[in-house]
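Visitor: Hi! Could you walk me through this model?
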Amino acid sequence: MYHILVVDDEVRIRTIIKKYAEFEGHTVSEAGNGMDAVLMCRANTYDLIIMDIMMPELDGFSACREIRKVCQTPIIMLSARGEEYDRINGFEVGIDDYVMKPFSPKELMLRVGAIMKRVQKSAQEKEAGRRNEVIELDGGGLRADITARLVYIDGERVEMSPKEYDLFFYLLTNRNIALSREKLICEVWGYDFYGDARTLDTHIKLLRRSLGRYSSYIVTLRGVGYRFEER
């Protein structure tokens, strides 16, 4: 199956995750702090990383920044705190998902499966060499090359986190359609709505910031979800 790196300074947490991961058929390596995790990622290849935020020597955010310099391995961040700042900071440094402690090990494994399914799908599409799908709005002011995962506003390239790209491209290809929160989480994150709705809201906030003058194109539908409105 998959080779997972579990990074947490609490032995109990690592043991629980390892038990459930190995039950699912995965191989698990362990690190007790962010510094060791970075060194291990420089020397080895992993399919996925599960990492705590609060750790000695190097916290999870700093470790993620260093890991992203050498690889794009999917990262699930664990945290005992639920502040929006933590979620925003994590997504900005390139994590793929955010799980609150205490967590359900079974749900964590479901999230692992969903992330790896998306990674494999993306690799298959890239290998198939699909024809570039480019969408331009506002006379080319907003340009998205979906296949190449590139976004331009007024000719300037916009950098987004991996999940911002996924969310933006899904909204864009389904523009002018009302999309429920459940639908967005299911399609973009791959969950049957066991994902935290706050994760979606945080990504919408980040995406609006990235889109600048086009932020108003993302319309909030109270009690429903969101719609990307072409104007």
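Guide: Happy to; here is a tour by topic.

Visitor: What kind of model is this?
Guide: This is a predicted model, where local features need pLDDT of at least 70, side-chain atom pairs count only at pLDDT 80 or more, and totals for chains, interfaces and linings use all residues. Residues are numbered from 1 along each chain as its sequence is written, and side-chain values use heavy atoms, with hydrogens and water left out.

Visitor: Thanks. Which residues touch the most other members in the largest nonpolar core?
Guide: Leu142, Phe168, Leu171, Leu211 and Phe228 do, in a core of 30 residues. A nonpolar core here is a set of buried Ala, Val, Leu, Ile, Met, Phe, Trp, Tyr and Cys residues joined through side-chain atoms within 4.5 Å. Buried means under 20% relative accessible area, exposed over 50%, and partly exposed in between, using a 1.4 Å probe and protein chains only.

Visitor: And which elements each supply at least two residues of this core?
Guide: Strands S6 (134-137), S7 (142-145), S8 (150-153) and S12 (225-228) do, along with helices H6 (162-173), H7 (181-189) and H8 (197-211). The largest share, 7 residues, comes from H6. Helices (H or I, at least four residues) and strands (E, at least two) are DSSP runs, numbered from the N terminus.

Visitor: What is Phe168 in contact with?
Guide: Leaving aside neighbours within four places in sequence, Phe168 contacts Leu142, Ala144, Val151, Met160, Leu207, Leu211 and Phe228. Contact means heavy atoms within 4.5 Å. There is also another core, lying apart from that one, with 26 residues, among them Ile53, Cys71, Ile88 and Phe91.

Visitor: Back to H6: how many of its residues are buried?
Guide: H6 is mostly covered, with 9 of its 12 residues buried. They are Lys163, Glu164, Tyr165, Leu167, Phe168, Phe169, Tyr170, Leu171 and Leu172.

Visitor: How far apart are the end C-alpha atoms of H6?
Guide: They are 17 Å apart, which agrees with the 16 Å that 12 residues should span at 1.5 Å a residue. The expected span is 1.5 Å times one less than the number of residues in the helix.

Visitor: Which residues of H7 are buried?
Guide: Leu184, Ile185, Val188 and Trp189 are buried in H7. They sit on the same side of H7 because they cover an arc of only 95° around the axis. That arc is taken over the directions from the helix axis to the C-beta atoms. In general, an α-helix has 3.6 residues a turn, so residues three or four places apart point the same way. After H7 comes Gly190, with a positive phi near 85°.

Visitor: Let's jump to H1. Which of its residues are buried?
Guide: In H1, the buried residues are Ile13, Arg14, Ile17 and Ala21. They too lie on the same side of the helix, since they cover an arc of only 95° around the axis of H1. The face turned away from that buried side carries the exposed residues Val11, Arg12, Lys19 and Phe23. Just after H1, Gly25 takes a positive phi of about 95°.

Visitor: New topic: how many disulfides does the structure hold?
Guide: It holds 0 disulfides, a disulfide being a pair of cysteine sulfur atoms within 2.5 Å. Cys41 is in no disulfide, and its nearest cysteine sulfur, that of Cys71, is 5.0 Å away.

Visitor: Are those two cysteines buried or exposed?
Guide: Cys41 is buried, with a relative accessible area of 7%. Cys71 is buried as well, at 18%.

Visitor: What does Asn89 touch?
Guide: Asn89, which is found in helix H4 (residues 84-92), touches Phe61 and Arg65, not counting residues up to four places away in sequence. A polar contact of 3.4 Å joins the side chains of Asn89 and Arg65. Such a contact is a pair of N or O atoms within 3.5 Å; within protein, one must be able to donate a hydrogen and the other to accept it, and residues adjacent in sequence count only if both atoms are side-chain atoms. Asn89 counts as buried, at 11% relative accessibility.

Visitor: Last one, on the backbone: which peptide bond is cis?
Guide: The one from Lys101 to Pro102 is cis, with omega near -5°. Pro102 is placed in the loop between strand S5 (97-100) and helix H5 (105-128).

Visitor: And where is Asp138 found?
Guide: Asp138 is found in the loop between S6 and S7. Its phi is near 55°, a positive value in a residue other than glycine. Asp138 counts as partly exposed, at 40% relative accessibility.
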